[in-house]
Amino acid sequence: MRATSRIADVSINTVTKLLVDAGNACAAYHDETVRNVKAGRIECDEIWSFWYAKAKNVEKAKAAPKGAGDVWTWTAIDADSKMILAYEIGDRSAETAYDFMLNLSRRVEGHFQLTTDGLGAYLEPVEEVFGGQIDYAQLVKQYGEPKGAAKHERKYSPAVCTGTKKRTISGSPVEEFVSTSYVERQNLSMRMGMRRFTRLTNAFSKKLQNHLYMLSLYFVHYNFVRIHKTLKVTPAMAAGVSDTLHDMEWIVGLIDARATKPKRPKTYKKGKLTRKQ
């Protein structure tokens, strides 16, 4: 954001206000538009980030706000159209999982197959929200230490996946489609597309609310503006939610449509109450 303010030669407050306005407009548009989507296969996952300070540093941080530390972004992607159907921001608890599943249930229509990772927090919320009316399976991954990595390098090297196990939870999921590959690839797109998710930098979100605004903007751009290289259309067009290819000017239009109209000063002219032109 500060780089943007320097390039555009405007105040950082101007850039912040634009982010707030864009985030609110995009969140409202996603909530109103992404409804009754017909999806056959849905994959869910969580991606880690933090705001203000990492959880281990919050205690020593100066004037750390309540709740500062780790923040998880839960996403649900349609494996066919690659559209982000729902997202939720919070911790990695069953409470957040329930809100996430409830949000997803409001976006989709009809029967579908759901795949998540092996996180236990999913189990009760999925059952409570969908009541066993979907085909649900978990892809449980087993990890080991990276080979040849020195002890001090382990925190920079991801753990090695040594195997997977497909676990049926409810319904009759097709084993061939029990996968989280697309949603995990989306996690990479998020880290590449949003500076706030880059590890080992000072680009993390300083405020949780700004983190939410950025995500709302990102998901609307990803769903409605960015052309998927394989599908040759936007995910929203592939899912049948939109029949139009939008651009960034369209997002600006969403912001302007929600902006409060300025009140013109009143004045008197020839004994009549008018407004200055």
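Reader: In this predicted model, does N36 count as buried or exposed, and at what relative accessibility?

Author: The structure is a predicted model, and in it N36 is placed in the loop between α2 and β1 (37-38). Exposed means over 50% relative accessible area. N36 is therefore counted as exposed, at a relative accessibility of 53%.

Reader: What is the phi of N36?

Author: Most residues other than glycine have a negative phi. N36 is not a glycine, and yet its phi is positive, at about 55°.

Reader: Where does D9, which has a positive phi although it is not a glycine, lie?

Author: The phi of D9 is about 55°, and D9 counts as exposed because its relative accessibility is 70%. As for its place in the chain, D9 belongs to the loop between α1 (2-8) and α2.

Reader: Which residues of helix α8 are buried, and over what arc around the axis do they lie?

Author: Helix α8 runs over residues 248-258, and its buried residues are W250, I251, L254 and I255. An α-helix has 3.6 residues a turn, so residues three or four places apart point the same way.

Reader: With which residues is L104 in contact, leaving aside its neighbours within four places in sequence?

Author: Once the neighbours within four places in sequence are set aside, L104 is in contact with I42, C44, A76, L85, A86, L114 and F130.

Reader: At what angle do helices α3 and α4 pack, and how far apart are their axes?

Author: Among the residues of α3 that take part are M101 and L104, which, with others, meet residues of α4 including V129 and F130. The residues of this contact divide into 10 nonpolar, 1 polar and 1 charged. The crossing is right-handed, and helix α3 (residues 94-105) packs against helix α4 (residues 123-130) with axes 8 Å apart, at an angle of about 35°.

Notes: Residues are numbered from 1 along each chain as its sequence is written. This is a predicted model: local features need pLDDT of at least 70, side-chain atom pairs count only at pLDDT 80 or more; totals for chains, interfaces and linings use all residues. Side-chain values use heavy atoms; hydrogens and water are left out. Contact means heavy atoms within 4.5 Å. Axes are lines fitted to C-alpha atoms, for helices over the stretch in contact, and angles run from 0 to 180 degrees between N-to-C directions. Helices (H or I, at least four residues) and strands (E, at least two) are DSSP runs, numbered from the N terminus. A crossing is left-handed if the near helix is turned anticlockwise from the far one by less than a right angle, and right-handed if clockwise. Ala, Val, Leu, Ile, Met, Phe, Trp, Tyr, Cys and Pro count as nonpolar, Asp, Glu, Lys and Arg as charged, and the others, Gly among them, as polar. Buried means under 20% relative accessible area, exposed over 50%, partly exposed in between (1.4 Å probe, protein chains only).
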